[in-house]
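Colleague: Walk me through reading this fold, please.

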Amino acid sequence: MTSVRIPPTLREEVGGAREVPAEGDTVRELLDDLMGRFPSLRRQLVENDDIAPFVNVYVEGEDVRTREGLDTEVRPGSTVILLPAMAGGAQLGEPPGSPRPLPPVRYADGRLPPPAGG
């Protein structure tokens with residue numbers, strides 16, 4: 001049995017649970033088990049027979065997209081984490097929630113080195 005950590009955005013789909021046990025030797029089998037028990041997860045997790053672009057799956061802390069994707073091996077007792085992908089947001093130099101960008105940094109006072117090539 002594998003423990004799958006569920007992010008807050010998907011917990012409603014699994015009855016509010018933070019972790020859900022699942023069975024499978026690969027990420028594909030594990031997700032199939034989850035989606036079989038919680039059908040509403042399908043539209044959140046899989047798209048065109050691959051992991052949906054707006055969710056990241058980690059097995060033992062490693063993103064499965066850097067491994068074998070849905071065919072990544074999952075050993076019994078492993079921890080699998082589902083995380084929603086983050087998109088959009090602030091522009092470079094703009095702190096989160098800022099209504100406008102920060103003023104440009106001045107390098108002439110010598111306290112900060114100028115950027116490479118500048």
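The dialogue below takes up a helix, a sheet and a loop residue.

Modeller: This is a predicted model: local features need pLDDT of at least 70, side-chain atom pairs count only at pLDDT 80 or more, and totals for chains, interfaces and linings use all residues. Residues are numbered from 1 along each chain as its sequence is written, and side-chain values use heavy atoms, without hydrogens and water.

Colleague: Which residues of α1 are buried?

Modeller: An α-helix has 3.6 residues a turn, so residues three or four places apart point the same way. Here V27, L30, L31, L34 and M35 are buried (under 20% relative accessible area, 1.4 Å probe, protein chains only). Seen down the axis of α1, they fall within an arc of 130 degrees, so they line one face of the helix. The arc is taken over directions from the helix axis to the C-beta atoms. Their packing partners include β1 (2-5), β5 (55-59) and β7 (79-84).

Colleague: In what order do the strands form the sheet?

Modeller: Strands are DSSP E runs of at least two residues; helices are H or I runs of at least four. Two strands pair if DSSP finds at least two bridges between them. The open sheet has 5 strands, ordered β2-β1-β7-β5-β6, with mixed pairing. β2 and β6 (62-63) each have a single partner strand, so one side of each lacks a neighbour in the sheet. β1 and β7 run parallel, joined by 3 bridges.

Colleague: Where does T26 lie?

Modeller: T26 sits in the loop between β2 (19-22) and α1 (27-37). T26 is buried, at 18% relative accessible area. A polar atom of its side chain lies 3.2 Å from the backbone nitrogen of E29.

Methods
Buried means under 20% relative accessible area, exposed over 50%, partly exposed in between (1.4 Å probe, protein chains only). A polar contact is a pair of N or O atoms within 3.5 Å; within protein, one must be able to donate a hydrogen and the other to accept it, and residues adjacent in sequence count only if both atoms are side-chain atoms. Contact means heavy atoms within 4.5 Å.
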